[in-house]
Amino acid sequence: MNTVFYELPTEDRNLSVSLFIGPVCDHPYPPHVHDVVEVVCLLAGSVEMTIAGQTLRLAPGDIALAFPSTPHSYDVVSQDADGVAMVFSPAIIQEFTHSFRAMQPVHPYLAAADKPIELDYIIRKIQELSQQEGVSPLRFGYLHLFLAYLFQLLPLQPLRRTMDSSIAAQALVYVSEHFTEPLSLESTAHALGISSIHLSHVFSQQLHVRFRSYVNLLRSDHACMLLRDPALSIVEIAYMCGYGNIRTFNRAFKEHCHMTPCEFRASL
């Protein structure tokens, strides 16, 4: 499975590196949030996603769209899933920046049956250009055209956040920034200024994952990256991922990766 998920610079130091185009995520991934736009254009197989609380079942030809700071997850991904993922800064094309910041889709999904044939051609061109070395201005041109079509087809409404949805986004950001440190439900709730009972409710009812499971998954994904470095011992990696002892690390890693860290390293 992919062990590195889409990551982009948080600052637009150079817009040419604020655009990722590549294959869709090939394995389930829990609710997460980031300050970029994420578009999934499915070409084969099936993917079930949840975006802003809406469950979407994508078939070939369908498109899903997650705006910045919107919790979303990959719940079920078929083994034959294939497609194009576009992840980019809202500032990459200024014409659409305000819409990405102040609006949200009524339904973050475009079915293949409602998609004009021109969009298929544009997606193919974006995919072809992403496979070329260097940064092509055409890549941004086709992305601009893609968004122009998409915004004509997807109704938008003013952004509205409930208190709990705001807390969910804050919690995901906080955990993503601190999961390599000693982290508990209580310490996270204290940092967010809410009770641990309230935070537990947000994770279970809104994000549909237990707090500890979510932390362990982030740590396991991080460990998969670190295990590729033979200079690091398994004990060192356990501590670098926020675990206080090797036994807990082994148990959590095996729960999510279905093998021990030693077995994973041997399989590389």
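Biologist: What stands opposite C41 in β8?
Modeller: V84 does. Strands here are DSSP E runs of at least two residues, helices H or I runs of at least four, both numbered from the N terminus. This is a predicted model, so local features need pLDDT of at least 70 and side-chain atom pairs 80 or more, while totals for chains, interfaces and linings use all residues. Residues count from 1 along each chain as its sequence is written, and side-chain values use heavy atoms, without hydrogens and water.
Biologist: How many bridges join β3 and β8?
Modeller: Seven, with β3 (residues 37-44) and β8 (residues 82-88) antiparallel. Pairing takes at least two DSSP bridges.
Biologist: And what's the order of the open sheet?
Modeller: β1-β8-β3-β6-β10, with antiparallel pairing. The edge strands, pairing on one side only, are β1 (19-23) and β10 (109-110).
Biologist: Switching topic: is K115 buried or exposed?
Modeller: Buried, because its relative accessible area is 12%; the cut-offs are under 20% for buried, over 50% for exposed and partly exposed in between, with a 1.4 Å probe on protein chains only.
Biologist: Where is K115 found, then?
Modeller: In the loop between β10 and α2. K115 touches G61, I63, L110 and D120, leaving aside residues up to four places away in sequence. Contact is heavy atoms within 4.5 Å.
Biologist: Which residues does F203 touch?
Modeller: A171, V175, H208, V209, F211 and Y214, with the sequence neighbours up to four places away not counted.
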